[in-house]
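The notes follow the order in which I went through them.

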Amino acid sequence: MQRTIFEAEHEAFRETMRTFCDKEIAPYHEQWESDGIVPRELWLKAGELGILGFMMPEEYGGAGMTDFRYNAIVQEELTRIGASGVGFALHTDLVSTYLLSYANEEQKARWLPKFCTGEMITAIAMTEPGTGSDLQGIKTTAVKDGDHWVLNGSKTFISNGILADLVLVVCQTDPEAGAMGFTIIAVERGMEGFERGRNLDKIGLKAQDTAELFFDNVRVPVANTLGQEGQGFIYLMEKLPQERLTISVVAAAACRTVIDQTVAYVKDRKAFGRPIANFQNSRFVLAELETEAQIARVFVDRSIMELNAGTLTVQDAAMGKWWTTELQKKTVDKCLQLHGGYGYMTEYPIARAYLDTRIQTIYGGTTEIMKEIVGRTLLG
């Protein structure tokens, strides 16, 4: 089906992003996977092209384009080349919306210019060693001492954790207040007591720096409080649909990419003297996957426009997140099968896609949690 959500200015942006991906990322990503991290220089190059701060106001170096179609284009083009290690999504899709919505003018003047140029890489720290999808179980604490917070605790599985210069830390500031006792505090690189653990060794997303973070009596100025004290959990609930939509965008794009790769492969690869594409099983498998991929794309595109209109619901974002990521798992698995033994070789993109895909049904809220959200909406 013809996609209809993009206009001429979006396609021009896509061309810029595609050229950047093909020139600055694709030739080097394999090396970055071996290194376990992407160089900071890539962020600076992206900043120069306006890829990182397009949503920020012009007075801070952005373009004022608060249109999620641009965000989707960034993720689609990164997914097209298998650039799973480039953590732009966390910066452009998640942290950006917290800063736009909740940062005060002093904070915006302090942080947004370097956010746009790539001089300041960002992350958000929710997950803890004993707390995954259950965000109300967060144990990291911050206690006021004069004009500072004293922060203690640890976080894990933090994307951009090694590179990040500004980390939005979700912490408990009033243990007696329940869901109203959480606050988001911005911790900056170099603050005494803020330490990073190891760059975690994952089965996929090898070039994405994912780290443990430790806070030992870190004194953070109260001026680094994001939004209002005690509103952190509400802020998370408000912004999680956008995070989940980002994951859905990647899932739909990944389905498209691996199907295209597999179609090309089965046309070329022969078995029993004829191309694999000539076997009915190949045609039926790919017909099923193509149909579901197109259905997923329609739902995701509609969700993008709903987000822009401010009408994307928590339950619709949850539906899209669990269904598209489970479809991504299925699609990659079946496409790998059609590659035969070569699909198991990491030199082939389908093998790397298989490893990168597995996290999609886990982060941003597991499939099980997404179904719980939808079920509660239906049944109360």
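**Entry 1**

I began with Arg 14, which is found in helix α1, spanning residues 8-25. I kept in mind throughout that this is a predicted model. Setting aside neighbours within four places in sequence, I listed the contacts of Arg 14 as Arg 3, Phe 6, Ile 73, Glu 76 and Glu 77. One of these contacts, Phe 6, has Arg 14 lying over the face of its ring, at 5.0 Å from the ring centre. I noted a further charge over a ring at Arg 274, whose charged end sits over Phe 279, 4.0 Å from the ring centre.

**Entry 2: Aromatic pairs**

I searched the whole structure for aromatic pairs and found 12. I then looked at Trp 43 and Phe 88, whose ring centres are 4.9 Å apart and whose planes stand at 80 degrees, so I recorded the pair as edge-to-face. This pair links distant parts of the chain, since Trp 43 belongs to helix α3 (residues 40-48) and Phe 88 to helix α5 (residues 88-102), 45 residues apart. Both Trp 43 and Phe 88 are buried. I also noted a cluster in which ring pairs link Phe 13, Phe 54 and Tyr 70.

**Entry 3: Nonpolar cores**

Which residues have the most contacts inside the largest nonpolar core? I found that they are Phe 88 and Tyr 98, in a core of 83 residues. For Tyr 98, again leaving aside neighbours within four places in sequence, I noted contacts that include Ile 124, Met 126, Leu 168, Tyr 235 and Lys 239. Apart from this core lies another, of 18 residues, among them Leu 286, Leu 289, Leu 327 and Val 332.

**Entry 4: Cysteines**

How many disulfides does a search of the whole structure find? I recorded 0. The cysteine sulfur closest to that of Cys 255 is in Cys 335, at 8.4 Å, which is too far for a bond, given that a disulfide needs the two sulfur atoms within 2.5 Å. Cys 255 is buried at a relative accessible area of 2%, and Cys 335 is buried at 0%.

**Entry 5: Salt bridges**

I counted 28 salt bridges in the structure. In one of them the side chains of Glu 24 and Lys 45 meet at 3.1 Å, N to O, and this pair links distant parts of the chain, with Glu 24 in helix α1 and Lys 45 in helix α3, 21 residues apart. Glu 24 counts as buried at 16% relative accessibility, whereas Lys 45 counts as partly exposed at 38%.

I next looked up Arg 110 and Glu 188, whose side chains meet in a salt bridge at 3.3 Å, N to O. This pair, too, links distant parts of the chain, from helix α6 (residues 105-117) for Arg 110 to strand β5 (residues 182-188) for Glu 188, 78 residues apart. Arg 110 is partly exposed, with a relative accessible area of 31%, and Glu 188 counts as partly exposed at 25%.

Glu 372 and Arg 376 form a salt bridge whose closest N and O atoms are 2.9 Å apart, and both residues lie in helix α11 (residues 367-379), 4 residues apart, or about one turn of the helix. Glu 372 is partly exposed at 38%, while Arg 376 is exposed at 57%. Finally, I returned to Arg 14, which belongs to a network joined by salt bridges that share partners, including Arg 3, Glu 11, Arg 18, Asp 22, Glu 76, Glu 77, Arg 80 and Asp 301.

How values were computed:
Residues are numbered from 1 along each chain as its sequence is written. This is a predicted model: local features need pLDDT of at least 70, side-chain atom pairs count only at pLDDT 80 or more; totals for chains, interfaces and linings use all residues. Side-chain values use heavy atoms; hydrogens and water are left out. Helices (H or I, at least four residues) and strands (E, at least two) are DSSP runs, numbered from the N terminus. Contact means heavy atoms within 4.5 Å. Rings of Phe, Tyr and Trp (its six-membered ring) pair if their centres lie within 6.5 Å; planes under 30 degrees apart count as stacked, over 60 as edge-to-face and the rest as tilted. Buried means under 20% relative accessible area, exposed over 50%, partly exposed in between (1.4 Å probe, protein chains only). A charge sits over a ring if NZ of Lys or CZ of Arg is within 6 Å of the ring centre and within 35 degrees of the ring normal. A nonpolar core is a set of buried Ala, Val, Leu, Ile, Met, Phe, Trp, Tyr and Cys residues joined through side-chain atoms within 4.5 Å. A salt bridge is a side-chain nitrogen of Lys or Arg within 4 Å of a carboxyl oxygen of Asp or Glu.
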